[in-house]
Amino acid sequence: MIKQKKYLNEFDIALRGFRKNRVAMLCVYTLLFLYFTAIFADFLSPYSYKNEDRNYSYSPATPVHFVDEGKLTWPYINGLELTYNEYHARIYQTDRSVKHSLKFLVKGDEYKLLGFIPTDVHFFGIEGEGRLYLLGADSRGRDLFSRLLYGGRVSLSIGLIGVLISFSIGLIIGGAAGFYGGKIDNLLMRLCEMVMMVPGFYLLLALRAAVPDDFNSVQVYFSIIVILSFIGWAGLARIIRGMCLSLRERDYVLAARTLGVSDFTIIVKHILPHTLSYSIFAIMLSIPGYILGEAALSLLALGIQDPFASWGNMLSDAMSIVRIKFAPWILWPAFFIFLTVICFNVIGNALRDALDPMLKSEGQN
Amino acid sequence: MNALLSIKDLTVVVHEDGRERRLVDGVSFDIPNNSISAFVGGSGSGKTTTGLSILKLLPLGLTVSKGQILFDGDNLLNISESKMRARRGKDISMIFQEPLNAFNPVFTIGYQIEEVLRMHTKLSKNARKARILDLLKMVELSDPSRVMNNYPHQLSGGMRQRAMIAQAIAASPKLIIADEPTSNLDVTLQAKIMDLFRKLKNELNLSILLITHDLALVSHLSDYVAVMTNGQVVESGTTKQITTTPQNEYTKQLMKAL
């Protein structure tokens, strides 16, 4: 018997096309790196997100030195000395006499690795009195670098979980509306329009106001996800419904029905997979919306509450131009939001190019 | 004569501009046990609509306004959707004209046959696999284990048609409705598929309802015929009666066209 060649399905071909897009692959690796740092944030960061020292409010970054008096040495940082000028503004001066050498696997704040392994070992840090600020400190003297890593946990996961919820709702509602048609379609689509009719951000604020304010941070986190997903599903449901209207007329749908396959199975197995080439890139392109939505809520102090970190609530520090002038490093979270959003957008666009057969320049191979 | 399924005065209407138009107009027909029957007629004669109304899968907008479809002691038109679904595939299944469209392109043949078995039988995973191989053997496919793992587009037209027949008989139905099953096949393949139908009818003790415009096919294969035009059965009886002594003018024209 002739050995059968492995059959490349539509997605294998699309994946090939996608892999050829170098910018998109770079974005994939960037995102993987960001998610990796978020998952191991407590290990990789020198301090915990709430480790503060008010003596170092808005302390600038402490540069890591590799050269000491012309000779290469183990990396170290200098100490900082706080003085005030005649207007009582803080002036930080480097104290060259004090040296704290950087150490790997140092003991620091206690945490639970991956949520269940209790430990106090950090990937790097310094021991003793000094403070290590790779990117500077915020208003309460907390390490911005550590908080960026912790903030990534919220900002990066909110998009994924949010998209998971809203797309499940959108696919099922759109699928049901398109498959059944008639009254069910009418009812579900009017519901969609009611959600889409209200300007998104006001709906966001109104729903947030409906959430009890004695929620703890985890509850707030999940309520934000639910609120964001509640706004996000309608647009998708409408498009999926349109696609299902034509897909349900396919012969294989009728064939499945003549064989007694249940409606749910038909929708999930025989109709929705054919909308995947659309929904996959739609998912990618809508993740930034959740990240930005969380950032917007947190910026208005309606999202994740201090001392918990998210890129959005870290940015709320940067609302005053004076602070940005004297401590420009508090804009770092904005850079990471920007980086994440642009990565998701590039990946989404590359996926669309790869999945859309009309744009394909090469034939099936 | 012991009828497996009997259609009585079936009328299907579509509402157009506030008026009713009859697509199927008072059709009555009996399908006996273990027989091959046929609806013959031109396009638009209502034969496919009649077939779909047996399964209660009429396209949106079409409704049965009166009549009965008696099967196994039930009037199919009165039973609930969930009971009807349990019967589809298990008691009555259907074969389509173009098997490439009737298979979902994203699943393998084996998977799609297995879906029927999962729905209607309580076989274990391994038993289902064995059953699929059996079914594919039964429809005379030469390499069942390969076909099982193939996607629909990897098979030839004749193989796909056989695979679809295997899917239709998977849950051992008593009646198979075959809507133009051979129109897209060449003549030699048609003959082979027809032989297969006859063999399956005898082996599995089932009835087949052919829906076709091809009177030549009908005269070779079927036992009973109903000639349809304009939504009405103009003449019905045994194939011999119809082909040798046609009474109706339309039937005579059809016979002349042979």
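How many salt bridges count between chain B and chain A? The count is one salt bridge, a term for a side-chain nitrogen of Lys or Arg within 4 Å of a carboxyl oxygen of Asp or Glu.

## Ground rules

This is a predicted model, where local features need pLDDT of at least 70 and side-chain atom pairs count only at pLDDT 80 or more, while totals for chains, interfaces and linings use all residues. Residues are numbered from 1 along each chain as its sequence is written, chains are lettered from A and ligands numbered from 1 in the order in which they are written, and side-chain values use heavy atoms, leaving out hydrogens and water.

## Where the chains meet

Let's start with that salt bridge: it joins the side chains of B:R85 and A:D263, at 3.6 Å from N to O. Around the interface, 32 residues of chain B are in contact with 19 residues of chain A (contact means heavy atoms within 4.5 Å).

Together the two chains bury about 2300 Å², with 61% of it on carbon and sulfur atoms. Buried area here is the accessible area (1.4 Å probe) that two parts lose on being put together, summed over both.

## A helix pair in chain B

Now for helices, which are DSSP runs (H or I, at least four residues) numbered from the N terminus. In chain B, helix 4 (residues 109-120) packs against helix 7 (residues 157-168) at an angle of about 20°, and their axes are 9 Å apart. Axes are lines fitted to C-alpha atoms over the stretch in contact, and angles run from 0 to 180 degrees between N-to-C directions. Helix 4 and helix 7 of chain B are therefore roughly parallel to each other, a label for angles under 35 degrees.

On the helix 4 side of chain B sit B:I109, B:Q112, B:I113 and B:V116, and they meet B:A163, B:A166 and B:Q167 of helix 7. That contact divides into five nonpolar residues, two polar and no charged. Nonpolar covers Ala, Val, Leu, Ile, Met, Phe, Trp, Tyr, Cys and Pro; charged covers Asp, Glu, Lys and Arg; the others, Gly among them, are polar.

## Helix 4 of chain A and its partners

Over in chain A, helix 4 (residues 144-180) packs with helix 5 (residues 182-197) at about 145°, with axes 7 Å apart. Residues making this contact include A:I173 and A:Y180 of helix 4, plus A:D185 and A:L188 of helix 5.

Notes:
Helix = DSSP H or I, 4+ residues; strand = E, 2+ residues; numbered from the N terminus. Parallel < 35°, antiparallel > 145°, perpendicular 65-115°, else oblique.
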